[in-house]
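Here are my notes for you on this one. Keep the model open while you read, and click on the residues as they come up.

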Amino acid sequence: TENISAQVFDELFRKNIGTLFHTGYMTSRAFAALSSDSARLLTVLSSWDYICPDYRMMTVVPWLMEIRRKNGLSFGILFISHSPGLYALEWLLIRDLVCDKDLIVAPSHFAEGVIRLLAPSLAPHVETISHPLDLKPYNAKRQKRGDRIVTLSRIDEDKLIHRQIDAMARVVHTHGYGHLHMVIGGRLTDPDSGELTSYARLLQFKISKLNLEGHVRLAGEIPPSGKHDFFK
């Protein structure tokens with residue numbers, strides 16, 4: 001959790017917004033337990049000005065909006081759209097349920113553009129607020145341009161690792177940056193069988209097919225204690 005992820009962004013957002021407003025926190029498991037007790041659920045929802053679902057709870061936003069509409073509640077919904085391209089169904093469902101009070105936080109101008117493309121009617125509710133990361137001062141004179149690109153991710157198709165490898169092929173073979181190397185960290189095996197996943201085999205094949213054996217390496221799972229050194 002010390003590295004960049006949706007969980008880290010949510011925690012940073014909660015930490016920083018807590019200096020400005022009174023906030024409370026409930027785990028997604030505890031919130032899900034409320035769904036079987038409608039009276040208690042309505043009491044919780046009506047006691048706050050805003051409900052801010054974390055990245056695990058994005059899919060329940062349309063449900064929350066429908067509960068609000070049916071019961072005449074006044075809470076607003078504030079949600080951080082970490083991966084707006086994955087929420088096409090949610091954008092479709094909420095466009096007729098959104099109210100003036102609701103706010104969609106896009107973490108970048110690119111993310112805001114994706115939301116505007118997929119759901120133009122939601123544009124008035126979108127605000128770009130960068131993730132509150134503490135960055136070291138940038139000094140161009142001290143910055144050394146290295147020869148290595150690192151990726152640390154779940155090795156799943158929805159993370160588009162194969163597109164990174166395609167891009168690396170163009171960088172190396174088409175544009176002549178033969179000194180560059182890419183190291184990809186992440187579990188390659190199925191946790192149950194211990195065998196390489198089909199996606200990991202696809203990535204290995206792509207690396208070979210694109211003549212990138214000397215430029216792209218699949219490093220496998222990086223334990224939490226090794227992540228700092230991996231990035232360094």
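1. Buried here means under 20% relative accessible area, exposed means over 50%, and partly exposed is in between (1.4 Å probe, protein chains only). Bear in mind that this is a predicted model, where local features need pLDDT of at least 70 and side-chain atom pairs count only at pLDDT 80 or more, while totals for chains, interfaces and linings use all residues. Residues are numbered from 1 along each chain as its sequence is written, and side-chain values use heavy atoms, with hydrogens and water left out.

2. The protein has nine helices and seven strands. Both are DSSP runs numbered from the N terminus: helices are H or I with at least four residues, strands are E with at least two. The C-alpha atoms fill a box of roughly 60 × 50 × 35 Å along the principal axes. Among contacts (heavy atoms within 4.5 Å) with a separation of 6 or more, 68% are between residues 24 or more positions apart.

3. Now go to helix α3, residues 38–46, where L41, V44 and L45 are buried. They cover an arc of only 95° around the axis, so they sit on the same side of α3. The arc is taken from the directions from the helix axis to the C-beta atoms. On the other side, A39 and T43 are exposed. What do the buried residues of α3 pack against? Their partners are α2 (28–33), β1 (50–51) and α4 (61–71).

4. What about the length of α8? Its 12 residues reach 16 Å from first C-alpha to last, close to the 16 Å expected at 1.5 Å a residue. That expected span is 1.5 Å times one less than the number of residues.

5. Last, look at L92, found in helix α5 (residues 88–94). Is L92 buried or partly exposed? L92 is partly exposed, with a relative accessible area of 44%.
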